[in-house]
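I opened a new page for this structure.

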There are 2 protein chains.
Amino acid sequence: MIADFQDWARSRQVRIETSLQTLLPAADVPPERLHDAMRYTVLGGGKRVRPLLAFAAGELNNADEERVTIAAAAVELIHAYSLVHDDLPCMDDDVLRRGKPTCHVEYDQATALLAGDSLQSLAFQLLAEYRLTDSPQMQLEMIRQLAQAAGSRGMAGGQAVDLASVGKTLSLPELEFMHIHKTGALIRAAVMLGAYCGTSLNENQLTSLDHFAKCIGLAFQVVDDVLDAEASTATLGKTAGKDAENNKPTYVSILGSSQARELAEELRRDAYQALEIFGATAGRLRQLTDFIIHREF
Amino acid sequence: MIADFQDWARSRQVRIETSLQTLLPAADVPPERLHDAMRYTVLGGGKRVRPLLAFAAGELNNADEERVTIAAAAVELIHAYSLVHDDLPCMDDDVLRRGKPTCHVEYDQATALLAGDSLQSLAFQLLAEYRLTDSPQMQLEMIRQLAQAAGSRGMAGGQAVDLASVGKTLSLPELEFMHIHKTGALIRAAVMLGAYCGTSLNENQLTSLDHFAKCIGLAFQVVDDVLDAEASTATLGKTAGKDAENNKPTYVSILGSSQARELAEELRRDAYQALEIFGATAGRLRQLTDFIIHREF
């Protein structure tokens with residue numbers, strides 16, 4: 001079963017990588033340096049957790065895999081843009097990402113800024129350009145959800161709260177608010193956009209899927225906090241221990257490591273519960289949940 | 001006729017301002033500082049040239065004005081985001097915009113970065129959320145066009161070429177390539193998105209309108225170069241003489257002021273010619289052309 005999951009995940013990681021290679025502007029199309037920076041940022045790295053979630057949710061809803069690939073790519077482009085901007089000196093000021101120099105280190109700040117901006121545009125261009133569902137109206141709804149998840153009441157808003165929280169003591173609900181926005185919103189969008197490419201699920205099932213997505217979105221961040229505190233830079237491929245160094249409130253700083261791990265397990269149980277309605281058909285999503293909770297980088 | 005145009009323009013400027021006030025997240029919605037920065041950036045300033053073009057093109061195509069307002073707002077949000085990012089220290093490093101301190105001066109760099117990012121998301125959210133045409137498929141095409149105009153093969157790409165050209169001598173075609181992307185693409189999108197909200201024009205007419213949009217997009221930038229070289233900071237509401245100071249190639253540095261002005265007049269004639277197919281119904285677009293070419297700030 002685990003070997004089967006690894007095969008499944010690997011083949012989807014290859015598929016999304018191959019698609020992103022084609023969907024991104026070629027490096028020899030002007031402006032070359034900008035396109036090169038976009039490709040540097042997106043290609044050849046990352047666990048592709050959001051695309052994997054989109055693929056699994058798409059399979060649950062009997063979606064065409066070609067269509068899900070575009071939705072998954074759009075979500076991954078938004079994720080990639082957020083990493084480039086987060087790493088900039090005026091934000092987290094980080095030099096290492098996925099084991100490589102960050103974009104502004106490899107190129108320059110202006111190029112990194114424009115690469116991030118362009119990746120965001122490209123995400124929406126893909127969702128509008130390709131056919132993802134038979135209903136253009138549904139496709140507009142997908143664009144709306146991704147835009148909302150990315151914007152000031154989603155990811156970018158969570159990032160703003162994150163920056164403002166440096167050196168402060170947050171309550172657990174405040175921390176949760178921050179992470180639901182910063183990480184949770186886009187993970188939720190990944191699941192739902194993948195699912196929306198199909199048409200088999202009813203309203204009730206989509207609501208359960210959405211609840212599942214919220215649980216793992218938060219769980220992902222709890223585990224991220226634990227890993228930042230406990231893993232090494234070499235393992236993570238990005239600078240470890242940044243949260244403590246930057247005096248940022250995290251689940252570990254508030255709850256301690258062992259209680260944070262326990263919270264992750266609780267969220268895992270909640271996620272599993274949300275999947276009950278699907279019976280055996282949600283196997284991949286359960287495996288992905290375990291993958292997210294028990295990952296080591 | 002001119003008084004009539006001024007009344008028309010003023011009423012549309014009020015309309016777009018009022019709409020943007022409602023469409024932007026309220027300043028008391030968390031994260032408050034980010035939303036405040038977004039509102040600071042977008043509201044209370046600017047000539048609103050792109051919205052005016054959208055309104056005029058919408059009128060030409062008998063579009064519902066409510067619908068055009070959303071399209072116009074989306075284009076203006078993209079424009080506003082580009083200004084915030086362009087003003088950052090790693091880009092043009094400017095402190096004055098529309099007679100006020102730039103966003104990163106008034107707030108901070110991280111907030112300005114996130115405000116720009118969020119404005120871009122919001123633009124696409126609006127285009128997906130509101131009904132702009134009776135055809136959702138057409139609406140997807142509008143999103144595609146705006147995303148392309150904003151991205152690496154449009155505005156952001158032009159900005160990258162602009163940065164790379166500092167201190168270089170460009171040929172006139174190279175300069176044109178840069179400006180068609182940096183400014184022209186979004187102006188073209190403004191015209192076409194406004195028009196797409198209606199349904200009266202045929203393919204031929206839309207092609208002419210698109211050609212018109214290309215002409216004034218370039219003309220706008222030629223005049224911008226002349227004004228940067230000749231007008232005062234007080235008149236412009238932004239730092240004058242930046243191009244020469246930054247050693248940037250412009251139409252003035254390549255052609256000289258008087259030949260640049262002549263080029264603008266030539267483009268004005270081309271724009272008028274593209275409008276011939278519409279006869280008297282394109283009156284507003286002609287007035288707007290004159291407004292763009294003969295503006296003093």
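I count a charge as sitting over a ring if NZ of Lys or CZ of Arg is within 6 Å of the ring centre and within 35 degrees of the ring normal. The model is predicted, so I note its terms: local features need pLDDT of at least 70, side-chain atom pairs count only at pLDDT 80 or more, and totals for chains, interfaces and linings use all residues. Residues are numbered from 1 along each chain as its sequence is written, chains are lettered from A and ligands numbered from 1 in the order in which they are written, and side-chain values use heavy atoms, without hydrogens and water.

**Charges over rings.** I found A:Lys100 over the face of A:Tyr40, 4.1 Å from the ring centre. I also found the charged end of A:Arg268 over the ring of A:Tyr272, at 4.9 Å from its centre.

**Ring pairs.** Rings of Phe, Tyr and Trp (its six-membered ring) pair if their centres lie within 6.5 Å; planes under 30 degrees apart are stacked, over 60 edge-to-face, the rest tilted. I looked up the total over all chains: seven aromatic pairs. One of them is A:Phe5 with A:Trp8, stacked at 6.0 Å centre to centre with 25 degrees between the planes. The two are three residues apart in helix H1 (residues 2–23) of chain A, so about one helical turn separates them. Helices here are DSSP runs (H or I, at least four residues), numbered from the N terminus. Both A:Phe5 and A:Trp8 are buried, meaning under 20% relative accessible area (1.4 Å probe, protein chains only). Ring pairs link A:Phe5 and A:Trp8 with A:Phe291 in a cluster.

**The second largest pocket.** A pocket is an open set of points on a 1 Å grid over the protein atoms alone, where a 1.4 Å probe fits, with protein on both sides within 12 Å along at least five of seven lines; lining residues have an atom within 4 Å of a point. I read a volume of about 900 Å³, the space filled by probe spheres set on the points. The lining has 41 residues, and those nearest the centre include B:His79, B:Arg97 and B:Asp224.

**Symmetry.** I superposed the copies by least squares on C-alpha atoms of residues with pLDDT of at least 70 in both. A rotation of 180 degrees with 0.0 Å of shift along its axis puts chain A on chain B, RMSD 0.0 Å. That is the relation of a two-fold axis. Which residue of chain A comes closest to the rotation axis? I found A:Pro136, its C-alpha at 2.7 Å.

Methods:
Buried means under 20% relative accessible area, exposed over 50%, partly exposed in between (1.4 Å probe, protein chains only).
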